[in-house]
Amino acid sequence: MNRRGLLFMFVLLLCFIGVYLQPVISYKASPLPVQPTAHKEPPSTTLNTQKIATEGLAVWIGQSITQFEQFFGEATSVTESGFGFQNRTYQTPEMSYLEIVTTKQKINSIKVLRVGELDITPFHFRMDLQDVTKFTTISPNVTFTFQGASYSLELMEDDMNYRPLVAFENDSYAILFFDHRQPSSGLYSVMYLDAETLIKLSPYLITEGADLHYVAQKDADWEQINRQNMAKSLNTMQRLRKDLGFERYQTDFETQKASEEMLTLF
């Protein structure tokens, strides 16, 4: 039994030696080194917006309102916003609208509604989204730097279809407003604005960067500002309704008075 036991242990030891040394012997006998498996990073799916040449009304963003009015005439109305900037409106045809927002005489934004005589190159009213994609990419992500801080905006599907964002080389932007209903489909309004205004208005989701906000002025005449804003909103709505083929909105002053009394009582 002892001899059989010793023989069994000897065979078992040889098996263990063969099993553990075989990979080492094979590696040394291999004529080629073993190549590590290459790990490739997945392609990025982030499509950041591209900047296009500055032209049209975009060239006036950041410029002096005095220089602008030397070319386009003086504003027909200048009103205070109560937030440190002024709203200037200009004489335009009945279905058009032009408003410029300024801070300390510098142009922050320009709002245009079908003002045919103004140069909005490379855009034109009634153009569709396919026309825009001929000279730029409509991207869901917009990144930029403002005052040393990085910002990222994300456009949802509705944003890209109805109000996409276009960036210019002078660090200004344009929000394009589209109507996809027939027969009035196409671009009907453009808002040009600087980076600060884009952040403060927050028309899109901010995914990176600190929020900036307008600060209300305590000494502002808010009663007058509210009346002016109501009149401006009604005027803009009437122009849009006419352009879209709807009847003008008629104000029922008795109903309006009763509503105001109920609101005050409430």
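A salt bridge here is a side-chain nitrogen of Lys or Arg within 4 Å of a carboxyl oxygen of Asp or Glu. The legends below describe a predicted model.

**View 1. Asp159 and Arg163 meet in a salt bridge.** The N to O separation of this pair is 3.0 Å, so the pair falls within the 4 Å cut-off. Asp159 sits in helix α4, residues 157-162. Asp159 counts as buried because its relative accessibility is 8%, under the 20% limit. Arg163 is partly exposed, with a relative accessible area of 28%. The side chain of Asp159 also reaches the backbone nitrogen of Met156, at 2.9 Å. Which residues does Asp159 contact, leaving aside its neighbours within four places in sequence? They are Glu154, Pro164 and Tyr204.

**View 2. Lys232 and Glu99 link distant parts of the chain.** Their side chains form a salt bridge, 3.2 Å from N to O. Lys232 belongs to helix α6 and Glu99 to strand β4, residues 97-103. The two residues are 133 positions apart in the chain. Is Glu99 buried or exposed? Glu99 is buried, because its relative accessible area is 2%. Lys232 has a relative accessible area of 22% and so is partly exposed.

**View 3. Lys134 pairs with Asp131 in a salt bridge.** The closest N and O atoms of this pair are 3.6 Å apart. Lys134 counts as exposed because its relative accessibility is 69%, over the 50% limit. In total, the structure holds 9 salt bridges.

**View 4. A cis peptide bond joins Thr121 and Pro122.** Omega is about 10° at this bond. Most peptide bonds are trans. Where in the fold does Pro122 lie? Pro122 is in the loop between β5 (106-113) and α3 (129-132).

**View 5. Lys104 has a positive phi.** The angle is about 55°, although Lys104 is not a glycine. Most residues other than glycine have a negative phi. Lys104 is in the loop between β4 and β5. The residue is exposed, because its relative accessible area is 81%.

**View 6. Ser202 also has a positive phi.** Here the value is about 50°, and again the residue is not a glycine. Ser202 lies in the loop between α5 and β11 (205-208). At 34% relative accessibility, Ser202 counts as partly exposed.

**View 7. Leu234, Met237 and Tyr249 form a nonpolar surface patch.** Together the three residues have about 250 Å² of accessible area. Tyr249 comes from the loop between α6 (222-243) and α7 (253-265). How accessible is Tyr249? Its relative accessibility is 43%, so Tyr249 counts as partly exposed.

View 8. The protein averages a pLDDT of 83, and 82% of the residues score at least 70. Over residues 23-46 the pLDDT is below 50. Beyond near neighbours in sequence, that stretch has 2 contacts in the model. Where pLDDT is low, the predicted coordinates should not be read in detail.

**View 9. The whole protein sets the close-ups in context.** Its secondary structure comes to 7 helices and 11 strands. Of the 266 residues, 33% count as buried. The accessible surface comes to about 17900 Å², and 57% of this area belongs to carbon and sulfur atoms. Among contacts with a separation of 6 or more, 54% are between residues 24 or more positions apart.

Notes. Residues numbered from 1 in each chain as written. Predicted model: local features only at pLDDT ≥ 70, side-chain atom pairs only at ≥ 80, totals over all residues. Heavy atoms only, no water. Patch = residues over 30% accessible without salt bridge, like charges linked within 9 Å, V, L, I, M, F, W, Y side chains within 5 Å. Areas by Shrake-Rupley, 256 points an atom, 1.4 Å probe, with all protein chains shown as cover. Helix = DSSP H or I, 4+ residues; strand = E, 2+ residues; numbered from the N terminus. Buried < 20%, exposed > 50% of the residue type's maximum accessible area, 1.4 Å probe, protein only. pLDDT = per-residue confidence, 0-100. Contact = heavy atoms within 4.5 Å. Polar contact = N/O pair within 3.5 Å; in protein donor to acceptor, adjacent residues only side chain to side chain.
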